[in-house]
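Dear colleague,

Please find below the structure I am handing over to you. My notes on it follow directly after.

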Amino acid sequence: METDETDHVLPFQLQFDKPVASQVKIAEWNPEKDLLAMVTEDSKILLHRFNWQRLWTISPGRNITSLCWRPDGKAIAVGLEDGTISLHDVENGKLLRSLKSHTVAVVCLNWEEEGQLIRDDSKTSSSYEDRTSRFFPPAPRVPRMPGVVSGDTSFMEDSEDSYGELSNSSYQRFNILCSGDKDGSICFSIFGIFPIGKININRFSVPAPYMDKQTPRQISNSSIYKVSLSKDLCRLIVMCSGELNENTESTESQMVGQGMHSLVLDTSIFSKRKSELHQLAQQASNIEDLTEVIRASLSVMCKQWSDAMRTFHEKFDSLSTLIIDHALDSSPQEEFLSLLGGARTSSAVHQFLVNSLGEVGVKRVLKVICGTAKELQRIVLDHLQPAAEIIGFRMGELRGLSRWRARYHGIGLDEMLINNATEKSGMILVQIERFMRVLSTVEQQFSNFFNWLLKCIKLLMQEPSDQLLPYNSELVVIFLKFLYDQDPVKQLLEVDHDIEVDLETMQRAKELVQFGGFSDCEYLQRTLAKEFQQMEDSFKEAFLMPFTTVSRKMLYEDLLALFPLPSSSSSSSASVSMAIPMSISSYEDASHAVSSHQTCIMRGFAHDLSSSKNGCTSLEAVLLYVPAGYECVDLSLYKDSQIVLLLNGASASSESSGDACMMIVQASELPFISISRSTNLNSWNLSQLKDSAVQLQMENEKVRNIPHSVIAPLAVSASRGVACVFAARKRALVYILEEDEEVPDTE
């Protein structure tokens, strides 16, 4: 008899019991691979294989508050305390992208893709073919900032190029990254990189059609705990705490009470317009990446040219000092023009050319300036210009889509704004061509001037100069007049500089611009950097419209008041755990703990088609009492039909060895009952369940005893049948959940 009971109580297979250096506060299994990502209390991210081999460790340098995997398991999203969401590569943990979507801590993340079951069926897939590769080579990379050596020509290696890895979404299944912060804001990003919407649950009223008086409800001072997007992307479930208010026409809003609530948001625009949103996100995210290439290129070019001109002025500023020391009333340009005209060489110029500068100094400065000019030309040809050309093509694609008003006006793709952004992307190409002409002319002028100086030095030193390169006297005069103390290249790379253009040239440019069908007649007065700034602003304005439009179309559909909380605990953390299903099932929404000794399982909240098909047409729930002497630490949905509960001995402390267990409950065997929609705002729904609560028994359920005191989180992999439990004494235990389950392949 004892043997049979032992076999029943120990159905799980323990694979590993390993120590961890720091206590784990977040843990998530990769949805596609045998990989476990863990966040420690000192805010390090550890990635382990199933066999507990550590693959990498990274430290973002800020407090980590949330974590989730991309549905294909190739990237991981990390929410930080300062509101930043960083995306990391699963292969090596390198940072792929960083988004500042929030201003406060990101407390929860949920990354969901469309729930199509047939990946290869074009009729049911939202795959979008990006035509750019047909006409252009691969997109350029971001150039690296130069080192201390002027003219550094090295750029990012393939492993350092992070931008194309996430935005290459042509054949990805459409997916949405949802993030919630502690102030009640929820942000949505397509493919995790293109922001497409933002709402705040504190700013909207929720209609209550199930109530007699049609009185709307509103939540204020809320704190979000979990968000879960449905597989069909039509609804978002939000678990939050906050003050529940009743809005009436005659009086101000009246607070009903502080409690835990569940919200349903209508996000059906993601499902209805997924093809249009996919194409918009594909083009816009790539445009943003290429915009970053242009920004980095301009930054590198500006720094390199500034370093080169600093070298020039460090050498030639000493001539002004010598002119003052010799009590001469002239400028360096006048002294050089006098030397060019054949007049007697002043002692200051003679001393400068022969002693201070010398032939070696002239050649060094010439090499720095001409080498930098060639490097700038290389950056333009390899990075800046290709990026601008691809941006122009992609904006042309968006311009064509914006004219299809029946499909794309509904997601906010505004034709006028896209036309303006397209024109700006064309003007940047004009400015790049202009910059290249100016740079080439300046390089030629400097080269001619230095060839003349070498000739002069040879003559002053009475050395033969037959082997020197020829020079043009007229170009020397032009250099001394316009380039010696001016820098047109630097001016074009600065934002805060206006270029003076004569009226005749402006009139001619205006005629040509209008003949071409454009509206911008002042581009000649703008620098390359200013043109880029205006182009970037036009992109932000054009892409803000879809963001605003989609945000307005995400409406509150339902609100459920679950159970009250003491008003003093409004800012404290509640014991809430939410089970997010891996696929559509009747258990569509959430499971959460009412208290440490009671656990409530709910289904049918979202009222979607999948719930109706499974016979769950109304809100149903069941209240479970955990076995005596235990309290519920965490729970998770497993394979859509089972619930895994992690229980701790009520008398166990973090310092003791503890007496804990892990239990699996068959959801199909639980007596769910319908919860009526109360017309009384002061009635909390879960109080209806107490009379029909189910007492869990250790001998009637699948239970595994754990010889440690355990803590949250409980990490369950539904696809692999694996659970990881963390002990309070810094240990991690990995279990196979099924008795006949084979150990997953760790290769």
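Predicted model: local features only at pLDDT ≥ 70, side-chain atom pairs only at ≥ 80, totals over all residues.

Residues are numbered from 1 along each chain as its sequence is written, and side-chain values use heavy atoms, with hydrogens and water left out.

Helices (H or I, at least four residues) and strands (E, at least two) are DSSP runs numbered from the N terminus; two strands pair if DSSP finds at least two bridges between them.

Strand 4 (residues 45–49) and strand 5 (residues 54–58) run antiparallel and are joined by 4 bridges. His 48 has Arg 54 of strand 5 as its bridge partner. The hairpin of these strands has 4 residues between them, and Trp 52 takes a positive phi near 70° there.

An open sheet is formed by 4 strands in the order 22-23-24-27, with antiparallel pairing. Its edge strands, each pairing on one side only, are strand 22 (630–638) and strand 27 (702–706). On average, neighbouring strands are turned by 20° against each other, direction ignored (axes are lines fitted to C-alpha atoms; angles run from 0 to 180 degrees between N-to-C directions). Strand 22 pairs with strand 23 (residues 642–649) over 8 antiparallel bridges, and Ser 636 has Val 644 of strand 23 as its bridge partner.

His 383 lies in helix 7 (residues 347–402). His 383 counts as buried because its relative accessibility is 7% (buried means under 20% relative accessible area, with a 1.4 Å probe and protein chains only). Its side chain reaches the backbone oxygen of Arg 141 at 2.7 Å.

With kind regards

Definitions and conventions: Buried < 20%, exposed > 50% of the residue type's maximum accessible area, 1.4 Å probe, protein only. Polar contact = N/O pair within 3.5 Å; in protein donor to acceptor, adjacent residues only side chain to side chain.
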